[in-house]
Amino acid sequence: FTFNAILGAYGKALHREKLEHMRQLMSDYKVAPNVATYQNLIEAYSRLGEIGPMEALYKDATKKNFQLGVWAYTSLLTAYCNANDTEKLKSTWQLLKSNQ
(Lines give C-alpha, C1' and ligand atoms only; values in the text may rest on other atoms or scores of the structure.)
Protein backbone atom coordinates (compact mmCIF):
# COMPACT_ATOMS: atom_id res chain seq x y z
CA PHE A 1 0.00 0.00 0.00
CA THR A 2 2.73 2.48 0.92
CA PHE A 3 4.56 2.07 -2.38
CA ASN A 4 1.35 2.58 -4.34
CA ALA A 5 0.48 5.74 -2.42
CA ILE A 6 3.94 7.18 -3.02
CA LEU A 7 3.91 6.17 -6.71
CA GLY A 8 0.56 7.91 -7.09
CA ALA A 9 1.80 11.08 -5.43
CA TYR A 10 5.01 11.24 -7.48
CA GLY A 11 3.03 10.59 -10.65
CA LYS A 12 0.57 13.38 -9.95
CA ALA A 13 3.47 15.73 -9.14
CA LEU A 14 5.26 14.71 -12.39
CA HIS A 15 8.41 13.62 -10.53
CA ARG A 16 9.73 11.08 -13.02
CA GLU A 17 13.07 10.48 -11.28
CA LYS A 18 11.41 9.84 -7.91
CA LEU A 19 8.86 7.59 -9.60
CA GLU A 20 11.65 5.52 -11.14
CA HIS A 21 13.45 5.39 -7.79
CA MET A 22 10.33 3.98 -6.10
CA ARG A 23 9.95 1.38 -8.85
CA GLN A 24 13.56 0.34 -8.25
CA LEU A 25 12.98 0.15 -4.49
CA MET A 26 9.97 -2.10 -5.08
CA SER A 27 12.17 -4.36 -7.16
CA ASP A 28 15.01 -4.28 -4.62
CA TYR A 29 12.62 -5.22 -1.80
CA LYS A 30 10.91 -7.81 -4.02
CA VAL A 31 7.53 -6.11 -3.72
CA ALA A 32 5.37 -7.41 -6.55
CA PRO A 33 3.22 -4.87 -8.37
CA ASN A 34 -0.54 -5.22 -8.05
CA VAL A 35 -3.46 -3.66 -9.91
CA ALA A 36 -3.10 -0.38 -8.00
CA THR A 37 0.60 -0.25 -8.86
CA TYR A 38 -0.11 -0.62 -12.56
CA GLN A 39 -2.96 1.90 -12.50
CA ASN A 40 -0.79 4.47 -10.68
CA LEU A 41 2.11 3.97 -13.06
CA ILE A 42 -0.07 4.06 -16.19
CA GLU A 43 -1.59 7.32 -14.98
CA ALA A 44 1.84 8.74 -14.13
CA TYR A 45 3.33 8.00 -17.54
CA SER A 46 0.19 9.32 -19.20
CA ARG A 47 0.59 12.61 -17.32
CA LEU A 48 4.27 12.69 -18.27
CA GLY A 49 3.36 12.10 -21.91
CA GLU A 50 5.51 8.98 -22.06
CA ILE A 51 3.46 6.58 -24.14
CA GLY A 52 6.09 3.85 -24.51
CA PRO A 53 6.44 3.05 -20.79
CA MET A 54 2.69 3.49 -20.32
CA GLU A 55 1.91 0.94 -23.03
CA ALA A 56 4.54 -1.48 -21.72
CA LEU A 57 2.94 -1.37 -18.27
CA TYR A 58 -0.51 -1.90 -19.75
CA LYS A 59 0.70 -4.93 -21.70
CA ASP A 60 2.46 -6.35 -18.65
CA ALA A 61 -0.65 -5.91 -16.50
CA THR A 62 -2.92 -7.58 -19.05
CA LYS A 63 -0.40 -10.40 -19.56
CA LYS A 64 -0.63 -11.02 -15.81
CA ASN A 65 -4.45 -11.05 -16.12
CA PHE A 66 -4.91 -7.98 -13.92
CA GLN A 67 -8.32 -6.40 -14.44
CA LEU A 68 -7.50 -2.73 -14.89
CA GLY A 69 -10.27 -0.28 -14.14
CA VAL A 70 -11.68 2.67 -16.00
CA TRP A 71 -9.02 4.80 -14.31
CA ALA A 72 -6.23 3.09 -16.29
CA TYR A 73 -8.15 3.25 -19.56
CA THR A 74 -8.87 6.94 -19.01
CA SER A 75 -5.14 7.52 -18.62
CA LEU A 76 -4.46 5.66 -21.87
CA LEU A 77 -7.14 7.67 -23.69
CA THR A 78 -5.80 10.95 -22.31
CA ALA A 79 -2.26 10.17 -23.45
CA TYR A 80 -3.44 9.22 -26.94
CA CYS A 81 -5.54 12.40 -27.18
CA ASN A 82 -2.59 14.53 -26.13
CA ALA A 83 -0.38 12.77 -28.68
CA ASN A 84 -3.02 13.14 -31.44
CA ASP A 85 -2.91 9.37 -31.98
CA THR A 86 -6.45 8.83 -33.22
CA GLU A 87 -5.92 5.18 -34.17
CA LYS A 88 -4.83 4.14 -30.67
CA LEU A 89 -7.52 6.38 -29.22
CA LYS A 90 -10.22 4.59 -31.23
CA SER A 91 -8.92 1.09 -30.51
CA THR A 92 -8.59 1.78 -26.78
CA TRP A 93 -12.08 3.28 -26.68
CA GLN A 94 -13.48 0.16 -28.36
CA LEU A 95 -11.59 -2.05 -25.92
CA LEU A 96 -12.94 -0.09 -22.97
CA LYS A 97 -16.51 -0.34 -24.30
CA SER A 98 -16.19 -4.09 -24.87
CA ASN A 99 -14.90 -4.63 -21.31
CA GLN A 100 -17.91 -2.90 -19.71
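Leaving aside its neighbours within four places in sequence, which residues is Asn 40 in contact with?

Author: Start with a caution. This is a predicted model. Now to your residue.

Asn 40 is in contact with Asn 4, Leu 7, Gly 8 and Trp 71, once neighbours within four places in sequence are set aside. Asn 40 itself sits in helix H3. Its relative accessibility is 8%. The cut-off for buried is under 20%, so Asn 40 counts as buried.

Asn 4 belongs to helix H1, which covers residues 2-12. Asn 4 has 9% relative accessibility, so this residue also counts as buried. Now read the contact from the other side. Beyond the residues up to four places away in sequence, Asn 4 touches Asn 34, Ala 36, Thr 37 and Asn 40. The pair Asn 4 and Asn 40 therefore turns up in both contact lists.

Tyr 38 is buried, with a relative accessible area of 2%. What does its ring do? There are 2 aromatic pairs in the count. One of them joins Tyr 38 and Phe 66. Their ring centres are 5.5 Å apart, and the planes make an angle of 45°. That makes the pair tilted.

Tyr 58 is in helix H4 and Tyr 73 in helix H5, so the pair ties together parts 15 residues apart in sequence. Both tyrosines are buried.

Now the loops. Begin with the one between H1 and H2, where Leu 14 has its place. Leu 14 has a phi near 60°. That value is positive, and the residue is not glycine. Why point this out? Because most residues other than glycine have a negative phi. Leu 14 is partly exposed, at 47% relative accessibility.

Move on to the loop between H2 and H3. Lys 30 is found there. Phi of Lys 30 is near 55°, again a positive value in a residue other than glycine. Lys 30 is exposed, with a relative accessible area of 75%. Ala 32 has its place in the loop between helix H2 (16-28) and H3 too. Ala 32 counts as exposed, at 61% relative accessibility. Ala 32 and Gly 69 are 37 residues apart along the chain, and 19 Å separates their C-alpha atoms.

One more loop joins the tour. Ala 83 is in the loop between H5 and helix H6, which spans residues 86-99. Ala 83 has a relative accessible area of 41%, so it is partly exposed. Compare its position with Thr 37, one of the residues that Asn 4 touches. Ala 83 and Thr 37 are 46 residues apart in sequence. In space, their C-alpha atoms are 24 Å apart.

Step back to the whole chain. There are 6 helices and 0 strands. From the N terminus on, the order is α-α-α-α-α-α. The radius of gyration is 13 Å, and the globule rule gives 13 Å for 100 residues, so the chain is as compact as a globular protein of that length. The C-alpha trace spans about 40 × 25 × 20 Å along its principal axes.

How much of the chain is buried? Of the 100 residues, 34% count as such; Asn 40 is one of them. Look also at contacts between residues at least 6 apart in sequence. Of these, 55% join residues at least 24 apart. The accessible surface comes to about 6,100 Å², and 56% of it belongs to carbon and sulfur atoms. Last, the charges. The chain has 12 positive and 9 negative ones, and their mean positions are 4 Å apart.

Now return to Asn 40 in the picture. Find helix H3, then look for Asn 4, Leu 7, Gly 8 and Trp 71 in contact with Asn 40.

How values were computed
Residues numbered from 1 in each chain as written. Predicted model: local features only at pLDDT ≥ 70, side-chain atom pairs only at ≥ 80, totals over all residues. Heavy atoms only, no water. Helix = DSSP H or I, 4+ residues; strand = E, 2+ residues; numbered from the N terminus. Rg over C-alpha atoms; globule rule 2.2 N^0.38 Å. Buried < 20%, exposed > 50% of the residue type's maximum accessible area, 1.4 Å probe, protein only. Contact = heavy atoms within 4.5 Å. Areas by Shrake-Rupley, 256 points an atom, 1.4 Å probe, with all protein chains shown as cover. Lys, Arg positive; Asp, Glu negative; His and termini not counted. Charge placed at Lys NZ, Arg CZ, Asp CG, Glu CD. Phe/Tyr/Trp six-rings, centres within 6.5 Å; stacked < 30°, edge-to-face > 60°.
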